[in-house]
Amino acid sequence: MNSYYFDEGHELFRESLRAFLQKEVIPNIDQWEEDQRIPREIWKKMGDMGFLGLSYPEEFGGSNLDFFYDVIFCEEVAKVFSGGFAISQVVVQYMSSPYILKYGSQQLKEKYLPGIISGEAISCIGISEPSAGSDVANIKTTAILDGDHYIVNGSKTFITNAMYGDFVVCVVKTDPKAGPDGVSLLIVDLDKEGVSRTKLKKLGWHASDTAELAFDNVRIPKENLIGEEGQGFYYLMGGLQVERLAGAIMGYAACEAAMGYTLQYMSERSAFGRPINKFQVLRHRMAQLASEVESCKQFVLYCSRLNNDGKYAVKECSMAKLLATELSDKAMTECLQSFGGYGYMEDFKIARMFRDSRIGTIGGGTSEIMREIIAKMVIDNISYKEASNNNSNTNTNNKNDNNMSNLKDVLPAMQAKAEKADSIKNTIKFNFGDEQLYIDGTGDKNLVSLEDKAADCQVDLAFDDFIALTKGELNPMGAVMSGKVKIKGDMSVAMKLQSLFS
């Protein structure tokens, strides 16, 4: 079924991300949980590998890929047995920075998005307050314009990444008397004078940092306003659909991880002289759970397709979030039960997954709010429209102006670059249509010529994109995944493009 949504490029990305997480993340999760902090260096490593900013424009360092790469990202980070790790970067990529991408000025995009995509900057979204959570229209934090600055006063709570993050996309009242029409979005750098942070202790998600923010006459340049004043509420209503969809994806993916972990334990644990996976009551419990998770997964993938196609699917995303997070709670409870007393021990990952899953039905809109949104649509015939985006350059990518106009011009530079790289031990042919470039790496060096010969791997691409590859302006893996580069032959050879052009 997955092939309906994921092609070969998607699966190549999944394998690469999964290998990275197995090597760099999973062995360190227990320590990060104990430290209650994730080292920033891991995000920089992920940025260097091209794992961040998947659907962001190339002009800011992104890969301009379709949403199903984001689906894979959310799935795989949800399977490392730490909800705290998963949520930390999901908040950055899908819950805070998209408002800058979609509604922010070019100046704000250029200032904040490159760091988000490289992994050097950490963002958060500031909505909830001590007296207002789901009731966004009644927040109390104010941002009153004073000359060329906003003066921010108030507080936010339950903010993921707020303790060690760099900036918050803050929901504020620029007109306290205007209700929803007085809500705006403002970027607040967290090192500003007047900002204080208080770390919160949580039931789960121990690896992530969660804090309460307080703002005491914090001066923020008016250029930090995202979009238009008074439109923040409507921006949020659109952005929350992606946030809820990300939560749904992580919900079913965590179920899959928990079930795999549980089935492994059941095959190894014996009782009354046989493995417990032979007892009908336990077998049927897992069979029922597997059926429910698979059904939920396929619905969430359908919702992901709607999002990928640009549909404003409020009802479907709300349903997906409701079903997947509620199911995750059920799955963790039933999986833990299969472990017996060991499931209650912190030495077993299922105990952590049980704790971490509980926030799913609360964060990003509670299950009760999801049900009310759905009820309004299916009973009261209320419809929701997406806020307009007047920023016309949101998803455009600028072509590089290359001085090199033909293949012969680039041949000497390409020969020098290829010879410096380690031998790829294979042959690759770049096909530009009328012309070809051939690399023979079967010897000690990579030899480059204009011959048109059969190769282990043929790479079809436009000449301008090839130039961007040689200059390091186009990520090889991202180019393959976006379809700019089409691979024929041995896919494993294509993986070597990264070393050839790095």
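# Salt bridges and a surface patch

Q: Which residue meets E75 in a salt bridge with an N to O distance of 2.7 Å?
A: This is a predicted model, where local features need pLDDT of at least 70 and side-chain atom pairs count only at pLDDT 80 or more, while totals for chains, interfaces and linings use all residues. Residues are numbered from 1 along each chain as its sequence is written, and side-chain values use heavy atoms, with hydrogens and water left out. A salt bridge here is a side-chain nitrogen of Lys or Arg within 4 Å of a carboxyl oxygen of Asp or Glu. At 2.7 Å, N to O, the side chain that E75 meets in this way is that of R14.

Q: How many residues apart are E75 and R14?
A: Helices are DSSP runs of H or I with at least four residues, numbered from the N terminus. E75 sits in helix α4 (residues 67-77) and R14 in helix α1 (residues 8-25). The pair links distant parts of the chain, and the separation is 61 residues.

Q: Is R14 buried or exposed?
A: Buried means under 20% relative accessible area, exposed over 50%, and partly exposed in between (1.4 Å probe, protein chains only). R14 has a relative accessibility of 8%. Because that value is under the 20% limit, R14 counts as buried.

Q: Which residues are joined with R14 into one network?
A: R14 also forms a salt bridge with E76, with the closest N and O atoms 2.8 Å apart. R14 lies in helix α1 and E76 in helix α4, so this pair ties together parts that are 62 residues apart in sequence. Through salt bridges that share partners, the residues joined with R14 are E11, R18, E75 and E76.

Q: Which residue forms a salt bridge with E256?
A: E256 lies in helix α7 (residues 232-268), and its partner lies in helix α8 (residues 280-308), so the pair ties together parts that are 41 residues apart in sequence. Both residues are buried. With the closest N and O atoms 3.0 Å apart, the partner is K297.

Q: Where is M345 placed?
A: M345 is partly exposed, with a relative accessible area of 40%. Together with Y342 and Y344, M345 forms a nonpolar patch on the surface. The place of M345 is the loop between α9 (314-338) and α10 (349-357).

Methods
Patches are made of residues with over 30% relative accessible area and no salt bridge: like charges are joined within 9 Å, nonpolar side chains (Val, Leu, Ile, Met, Phe, Trp, Tyr) within 5 Å. Accessible areas come from the Shrake-Rupley method with a 1.4 Å probe; for residues, only the protein chains shown count as cover. Helices (H or I, at least four residues) and strands (E, at least two) are DSSP runs, numbered from the N terminus.
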